[in-house]
Amino acid sequence: MSTAEDLRYQEKTHELKWVGKNVTRTDGVDKVTGRALFGADLIMPGMLFGAVLRSPHAHAKINGIDTSKAEALNGVKAVITRDDFADQPSEMIQVGELSVNIRDVIRNVMAREKAMYDGHAIAAVTATSASIARKALKLIEVDYEVLPHVIDVVDAMKPDAPLLNEKMFTDGIDPKPEKPSNIAKRLEIKLGDVEEGFAEADVIIEREYKTRPVHQGYIEPHACVASYTEDGQGEVWASTPGHFLVRAITARLCGMEVSKVKVTASEIGGGFGGKNIIYLEPLAMALSRKCGRPVKMAMHRNEVFRATGPTSGSHMRVKIGAKRNGKITAGWAELMFQAGAFPGSPVFPAAMCAYACYDLENVLVIGWDVIANRPKTTAYRAPGAQISAFAVESAMDELARELGIDPIELRLMNAAKEGTKAAYGPTFGPIGQVESLKAIKNHPNYKVPLGPNQGRGVASGFWFNIGGETSVTMNVNDDGTIALTLGNPDLSGTRTSISVMAAEELGIEPDRIRPTVGDTTSLGFNFISAGSRTTFAVGKATVGVSRLVIEELRARAAAQWDIPVDAVVWEDGCARPASSNAGDFEPLTLEDIAREAKKTGGPIAGHIETNVTGAGPSFATEAVDIEVDPETGHIKVLRFTAAQDAGKAIQPNFVEGQYQGAAVQGIGWALNEEYIYDEKGRLDNPGFLDYRMPVASDLPMIDAVIVEVPNPNHPYGVRGIGETSIVPVMAAVANALEDATDLRITELPLSPPRVLKALNEKNGG
Amino acid sequence: MSRYHVSATVNGDDVEFLSEPEQTLLDVLRDELQLTGTKEGCASGDCGACSVMLDGRLVCSCLVMGAEVGSRSIETIEGMAEGEQLHPLQQKFLDYAALQCGYCTPGILVAAKDLLERNPDPTETEARFYLAGNLCRCTGYDKIIRAVMDTAAEMRGA
Amino acid sequence: MRYEAPDTMEAAVDLLANEDGITRVLAGGTDLLVQLRAEMVEPDLVVDVKRIEAMRTVAKESDGFRVGAAVTGAELGEHAEFKAIWPGVLEAFELIGSTQVQGRATMGGNLCNASPAADSVPAMIAASASVAIQGPDGQREIPVEDVAIAPGQTSLGKGELVTSFFFPDAPPRTGDAYLRFIPRTEMDIAVVGAGICLTLDDAGICTAARVALGAVAAQVLLVSEAADALIGTPVDDAALGKLSEAASAAAKPIDDKRGTKEFRIQVMGVIARRTAKVALTRASSN
């Protein structure tokens with residue numbers, strides 16, 4: 001088995017054949033022809049349709065549920081409620097970069113004592129058609145006792161706020177409070193002494209910021225098919241970034257052994273973290289168990305908005321101190337994040353990342369995790385980091401103005417680099433913050449002259465990225481082609497990038513490798529495709545398994561030539577004698593060796609099961625040019641440049657695509673996206689009409705610059721890149737707004753009514 | 001509840017199906033005809049993932065009733081390639097990585113094909129506005145627009 | 001729910017008049033199907049009018065244009081003559097939704113859905129358009145502004161159907177325009193909208209004007225004070241300033257998820273001014 005040493009970065013002495021060069025993705029033809037099967041595309045014989053009854057109240061006791069009329073409707077085959085699920089004890093489980101309590105998961109999947117938000121699942125039915133299932137929902141009678149509700153994070157923290165959980169006593173406060181509250185937790189990230197730091201400062205910027213919840217906005221609603229058969233076996237087809245997680249939670253919530261649940265990952269139509277937790281699979285399995293037929297469930301768009309996790313809304317305070325020459329002496333922040341109805345907002349990663357772009361001696365970030373009557377928050381692309389960056393990077397810009405220093409220069413002066421100790425613990429190895437800043441500074445876009453009502457803003461961002469449990473198997477087919485089985489759903493081309501790494505190792509054409517995302521019965525455990533881990537961790541494991549297979553191929557060649565294994569090398573896709581001393585043998589290709597496999601010992605394969613470590617953080621700096629219509633407050637994006645450190649871009653097209661997509665999500669967050677609630681605590685905009693994501697005509701081309709500072713802990717230097725590019729965007733836009741109008745707005749979104757109101761106030765109107 | 005018997009043409013083939021009055025053309029394509037290439041993103045005409053051609057017009061199939069397409073001609077993503085030959089747009093999307101998760105891709109390809117058939121030389125702005133009804137959350141639209149513009153140029157030159 | 005697709009106007013009227021339950025007319029379906037999906041309405045009968053020839057026809061009559069109520073935006077957009085004479089009406093119609101929505105949306109549907117923010121309506125009112133209505137008691141013709149009486153409600157009686165729109169020929173040197181404010185660049189419902197039609201004399205003085213404001217009240221407002229600000233003037237900056245003030249003053253909007261009251265009032269004035277400028281340019285070159 002290859003050691004960790006073997007999988008460290010080695011600077012290549014020869015030109016790489018395939019890594020770094022764009023190939024056509026292996027699943028591409030299926031995706032452009034409509035052949036690829038997503039969550040709602042599977043059709044099974046005898047399949048029924050399921051639907052979920054959802055609470056119309058933001059907060060209500062559920063005194064009783066009468067399903068008799070629904071059950072009597074012709075065509076209805078099963079109805080389930082909270083009574084069909086056993087309660088779960090309090091226990092934390094890891095989902096992506098966040099963790100959740102399984103006791104909360106069962107309650108989020110189906111309400112038990114109370115409906116906690118508008119859209120909370122109360123009951124579910126399955127019937128012979130989707131329309132009968134929906135009709136049946138209307139026949140379920142629920143006895144609600146409506147309670148006062150609370151939505152905003154600051155309101156939820158007040159001592160007299162409506163209480164969501166009588167047993168919630170704030171964690172992280174000493175002594176523990178005697179009164180319950182909606183504050184789940186207080187935490188701290190600390191380095192040095194900020195009081196000392198502020199005492200040394202010549203200039204201090206202190207501001208408050210407010211953001212609203214935004215949704216990941218994937219175009220594919222959650223969908224699955226579940227089938228429970230009389231022998232106690234269950235099968236699930238799910239649109240998920242982590243089918244092993246789906247297996248674990250479905251089995252747990254349905255009281256089934258993990259081995260009895262087989263999950264196949266469909267293709268997935270976007271997730272961005274929002275599908276890291278599950279909603280429908282346990283419901284579909286329970287319904288299927290009750291009626292003995294497969295059940296398909298797919299959310300309607302309004303259900304996606306009302307009942308699946310957006311990310312937190314927040315209230316934040318930031319204070320940064322610096323000397324006149326620009327050296328930052330202290331960075332402080334207080335982050336209040338609303339977690340939705342159950343604890344677990346991304347306030348911890350937000351605190352970790354808040355000042356990570358800077359080499360500071362004194363940092364204190366305080367985080368508050370607060371519950372409120374909204375859907376439970378889920379991860380959203382660099383969870384929390386984008387929110388704290390809005391505050392910190394806006395304040396940095398104001399600091400730059402106050403000091404009269406260029407915003408990029410200020411960041412360069414204080415940039416995190418190799419050897420910097422981050423406030424959240426680790427000391428950085430080689431990193432690309434300086435390189436990303438310089439890439440923006442030197443980009444032609446940064447020099448384009450600006451016209452009236454136009455402005456330019458810059459911001460930096462960081463995400464730590466993760467590794468995690470990975471299992472990969474490689475089988476050599478008898479014609480010398482390769483079957484590569486991995487356990488991570490492919491959201492954007494990762495299976496192709498990973499097979500390109502295998503191709504590079506083996507020295508064969510990438511199209512001789514067929515990567516497949518195996519189901520949960522075919523591999524050891526795989527952590528979910530999240531945390532920007534897939535190309536990094538599964539790639540690293542795949543390089544490892546390729547090297548194992550090469551060892552075996554060498555051994556087979558050695559056997560055929562009757563020479564020691566040490567005398568055989570693998571080069572350019574062939575086994576060769578190490579030198580002429582070893583013998584005058586013709587090279588053997590993979591195909592040659594595979595053909596003889598039966599005679600030389602049997603099928604040739606390799607497998608690896610490991611917890612991959614050594615994820616390299618990815619830094620980004622972005623610049624945006626905007627134009628403001630001073631009469632309406634409308635902001636138009638003229639130019640956008642994203643420079644991010646990829647370590648090594650295995651497939652440059654895919655890496656650029658990640659930077660561009662993340663940037664545009666950030667632009668939507670900056671300009672128009674927000675959850676709007678009515679006075680009854682119901683979501684007022686649960687659709688794409690009034691939840692305003694950017695459309696093609698809203699945007700210019702997004703210029704993506706790939707910076708490469710190799711990650712020493714990956715054989716090709718790969719860093720995860722899927723997340724960081726969303727982090728700086730909102731602050732960059734707010735900074736551009738100040739540049740264009742001398743107006744500093746500290747609240748998102750920068751929608752036209754907010755901008756116009758601020759312009760009016762500034763002009764004394 | 002009775003269903004309507006509908007005869008129509010889909011991708012050049014004669015089809016017959018039963019449609020509940022509540023079913024949209026999108027529902028019928030996916031659930032009755034098993035043509036799952038056309039996707040549901042919102043079922044309210046705001047995302048374009050369900051785009052098809054109806055009698056030569058680009059429409060959202062979620063805004064068309066299943067019962068109303070009798071004698072009409074429908075073209076979906078499944079009809080875009082000709083046997084093994086991908087349409088130039090499909091090929092260009094692959095070459096330019098103009099897709100990530102691929103969910104919006106069928107709708108965008110159907111819309112882009114319609115754009116280029118009506119306007120073989122669109123400006124970037126024209127292309128962006130024509131495709132404004134097709135939401136993509138993964139790509140930020142950059143590579144999609146590049147693929148459409150370059151395919152237009154190729155198809156003009158060829 | 002039953003679905004019927006009659007071939008004639010009379011058959012459609014009969015179906016609508018004789019149904020005891022809830023009826024809905026289906027033209028493009030771009031509002032109706034959204035409402036069905038959202039369970040906002042559960043009709044007993046849906047009458048599809050797209051097989052009625054007269055509702056799909058655009059015809060030049062002796063004194064104006066008649067556009068069938070079920071003509072789609074895409075179809076009308078291909079009508080070069082209509083586009084040349086009523087660019088404002090067409091651009092308003094074409095702002096409704098995406099290309100896909102344009103493939104189905106109709107002015108009949110846009111008007112009868114009676115949303116205060118309907119894009120085509122201010123431009124039609126500014127153009128002095130009228131609608132032909134057919135019902136159990138025969139035919140009648142009324143101005144467009146008399147159709148929508150409240151959000152989601154029209155003045156049509158049971159069994160009545162809007163069958164066509166009539167755009168009377170305008171004097172020479174008439175220009176019309178429609179602009180709206182939306183937060184994105186597409187795909188939004190108008191936060192405010194203005195349809196303006198004005199006529200100039202040979203000296204460039206405005207002799208007639210109609211100013212219709214959308215999305216700032218329960219119905220589209222036809223604002224005579226705003227028109228008066230333009231009539232008798234060369235539509236210069238001073239007149240435009242007065243127009244702007246009159247438009248803001250007439251606006252009686254609400255706060256909702258699309259905009260605040262204050263925002264709508266202020267931006268209504270801005271949009272009215274910008275719209276008038278476009279109409280002026282068109283009138284000057286006609």
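These questions and answers cover a pocket and a chain contact in a predicted model.

User: How many residues of chain C and of chain B take part in the contact?
Analyst: The contact draws on both chains. Together, chain C and chain B bury about 2400 Å². Carbon and sulfur atoms hold 57% of that area. The residues taking part are 26 from chain C and 31 from chain B.

User: Which residue of chain B forms a salt bridge with Arg104(C)?
Analyst: Between chain C and chain B there are five salt bridges. For the one formed by Arg104(C), the closest N and O atoms are 2.8 Å apart. That falls within the 4 Å that a salt bridge requires. The partner is Glu68(B).

User: How many residue pairs are in polar contact between chain C and chain B?
Analyst: Here both residues of a pair must reach pLDDT 80 or more. The count is eleven.
On the chain C side, strand E1 (2-4), helix H2 (32-37), strand E3 (45-48), helix H3 (73-77) and helix H6 (99-102) each supply at least two residues that touch chain B. By class, that side has nine nonpolar, eight polar and nine charged residues. The number of pairs in polar contact is eleven.

User: How many charged residues are in the lining of the second largest pocket?
Analyst: This pocket holds about 1300 Å³ of space. Its lining has 41 residues. Of these, 13 are nonpolar and twelve are polar. The charged residues number 16.

User: Which residues lie nearest the centre of the second largest pocket?
Analyst: The lining includes residues of chain B and chain C. Nearest the centre are Phe129(B), Glu94(C), Leu95(C), Thr185(C) and Glu186(C).

Methods: Residues numbered from 1 in each chain as written. Chains lettered and ligands numbered in written order. Predicted model: local features only at pLDDT ≥ 70, side-chain atom pairs only at ≥ 80, totals over all residues. Heavy atoms only, no water. 1 Å grid on protein atoms, 1.4 Å probe; cavity = no way out; pocket = protein on both sides within 12 Å on 5 of 7 lines; lining within 4 Å. Points joined across faces, edges and corners; volume = space filled by probe spheres on them. Nonpolar A, V, L, I, M, F, W, Y, C, P; charged D, E, K, R; others polar. Contact = heavy atoms within 4.5 Å. Buried area = accessible area lost by both parts, 1.4 Å probe. Salt bridge = Lys/Arg side-chain N within 4 Å of Asp/Glu carboxyl O. Polar contact = N/O pair within 3.5 Å; in protein donor to acceptor, adjacent residues only side chain to side chain. Helix = DSSP H or I, 4+ residues; strand = E, 2+ residues; numbered from the N terminus.
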